[in-house]
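Thanks for making time this morning. I will go through the charged pairs and then the nonpolar packing.

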Amino acid sequence: MQADPGAVKAALRRLTDLVLVWESTGGLRPLTGVAEGLTGGPEAGVSGLRPRSAEPLSPSDVGTRLAELSAPARALLDHVLEQGGEATTSAARHTVSPREAANPAEELLSRRLLVPRGTGTVVLPGEVGLVLRGGTTTSEPADRVPGLATTAREQALVDRVAGGAAFELVRRLELLLDHWGTHPAPALRSGGLGVRELKAAATFLHVDQQAAALIIECASTAGLLASRADTDGNLVWVPTDVFDTWSAQDVPARWSAVARSWLESPRMPGLVGSRDPAGKPWNVLTPELAARTMPEARLMTLQVLAGLPPGQVLAAGTGVPSLLARLAWLRPRRPRSRADQVAWTVEEAAALGATGLGGLASYARVLLDGGDPHDTMAALLPEPVDHVLIQADLTAVAPGPLESSLARRLQLLADVESRGGATTYRFTPGSVRRALDLGWTAAEVHEFLGTVSRTPVPQPLTYLVDDTVRTFGAIRVGQAESFLRADDETALTELLHHPKVGPLGLRRLAPTVLISSTPIEVLLPRLRDLGAAPVVEAADGTVRVTRPDQLRARTPRARRAAAANAHESARIAATITAIRSGDRAAASRPATGTTLSPSGSLTALREAIEIGGAVLIGYVDNHGTATDRIVDPLSVEGGQLTARDHRSDDVRTFAVHRITTVKSLDGPS
């Protein structure tokens, strides 16, 4: 191995302590199964110490044969070495002399620099690989830790950038969930969120779809978002009860809850927008969008960033590849998707505010150590403000992050026009009408504006509110299930004042028209019970004559339950029969015995058929699994035994050549 001798000895001692290698008279040997587990190329962490060929060449012979190779053959041999020492051949002949070699692969095979292993696969013998690497098992020093590409940044600047991103994440998450609380997002049948809903969420938050996917996944992971059925029975995504408690906390506490859940989550929001192996797009919140290696990838990535010297952050462009090389050296056996997982972690950590400018924030370092980052983070965040500045152009400017309750009330009365260090809200007739729809009065609107504004409320805004209130409710919309119409006003008046029509919800709209909140199929028989003789009127005003629908009843549940109980009883009885048969077979198993030949098994079975009764046979199935079975032999013909199997309580056939033992049991079955 190309490494410091002291490091090699320390590694061998650790392998011995882990019982992965053991000492023998011939030296250290790996535990059975270790070699099989080390498969793949150099990126999978496999050393170059591959098995030697049956008749290994000496180093001098290998060097001589390497010198005889053409340039294409040598390039092919180096490529096989870089790819882990295995390759596949298509048209290359495996038995050919060096003079007859027609291509680079045949050149290598004829000189035994590649050895065929069957099924079109060739391997690089261990002695050849050692010569190609100059007598070592690795091309690079195995004990050299890959360095990180870094640049200088002040920690205070990193904290300010990360703190701003953390504040934006919490604010956008609260905005989205608050919006979905009144306008739920439809859920897919698979349980995810559709592409259209993701685009709408990204537009609402003024971010791209990848950032919106991360926010939604974080909300679900933190327990703030879940699916439920709406009034029509359709699944929708809405905030959970935890959201109300979470939104009442300050920003550091809210961020800590989201960041901890993200750090421990197996979810992979980075896949959103791509397609799975079947060609289907990955949707947000899809249950399959997870990997068990994701939490480790996140934790190790942040731990490496935490180990950077003070004032150093990852360099732009080269920092992430160097970080991936470091993690590959630390965990060489991780899957090929590890590169994507590390890249996603770097991007997500920056979006969440755990990192800034490629460096780990100070409060995120506290979170990694298991502490509470509240105080460290609170010192970096701006204090929330409790006022706005209303201007004459029907806009209001928030000079900083608003208090949570104030922001929610202001978003009811105005639309967000732009976000940033100072959020701008615009008042429109539609936004004022939205507040009136929720029960606000004109006096409450004027009082709220005068309380939250540090500037006098401009006259145009006062006029806008008054004009909207004046036209609000001019047209009214109600709901009715049915109507009653008659030319005789007296008949409708008597019916409206009847003492038993209260539950029908009758209300007069015109002298000759009544409406009801009761469905027509219920209203008709009730009116007839009261002595009226109503008829159904069609949409064109004609009388509609109908006959009763034919009714059908569902299958009684008791019968379905009885059928289910019968199936369950049969299954339990079959299980008990198999268990008892297995117990009897175990009790009747001979302590010692010899394996019978097919002719011996045939003879013993024929004797059992003549005598009658049950026999114990040892049987090896198609998968090579040996079992003991108690059977009642019925016939032997064509190399097949037909018998009643006590385990399944049915008649089946057994191949005679797979029967290893036959023992007669006392008495008939």
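How many salt bridges does a search of the whole structure find? The search finds 15. Keep in mind that this is a predicted model.

Start with Arg-254, which forms a salt bridge with Glu-174, the closest N and O atoms being 2.8 Å apart. Arg-254 lies in helix H11 and Glu-174 in helix H7, so the pair ties together parts that are 80 residues apart in sequence. Both residues, Arg-254 and Glu-174, are buried.

Next is Arg-267 with Glu-217, where the closest N and O atoms are 2.9 Å apart. Here the loop between H11 and H12 holds Arg-267 and helix H9 holds Glu-217, so parts 50 residues apart in sequence are tied together. Arg-267 counts as buried because its relative accessibility is 13%, and Glu-217 counts as buried at 2%.

Asp-415 is in strand E15 and Arg-434 in helix H18. Asp-415 is partly exposed, with a relative accessible area of 30%, and Arg-434 is partly exposed, also with 30%.

Now the packing. The largest nonpolar core has 65 residues, and Trp-180, Ile-216 and Trp-255 have the most contacts inside it. H7 supplies the largest share of this core, 10 residues. Among the residues that Trp-180 touches are Leu-193, Ile-216, Trp-237 and Pro-239.

Last, Thr-182, which is also in H7. Is Thr-182 buried or exposed? Thr-182 counts as exposed, at 57% relative accessibility. Its C-alpha atom is separated by 9.7 Å from that of Pro-239, 57 residues apart along the chain.

Definitions and conventions. Residues are numbered from 1 along each chain as its sequence is written. This is a predicted model: local features need pLDDT of at least 70, side-chain atom pairs count only at pLDDT 80 or more; totals for chains, interfaces and linings use all residues. Side-chain values use heavy atoms; hydrogens and water are left out. Helices (H or I, at least four residues) and strands (E, at least two) are DSSP runs, numbered from the N terminus. Buried means under 20% relative accessible area, exposed over 50%, partly exposed in between (1.4 Å probe, protein chains only). A nonpolar core is a set of buried Ala, Val, Leu, Ile, Met, Phe, Trp, Tyr and Cys residues joined through side-chain atoms within 4.5 Å. Contact means heavy atoms within 4.5 Å. A salt bridge is a side-chain nitrogen of Lys or Arg within 4 Å of a carboxyl oxygen of Asp or Glu. Lists of a residue's contacts leave out its neighbours within four places in sequence.
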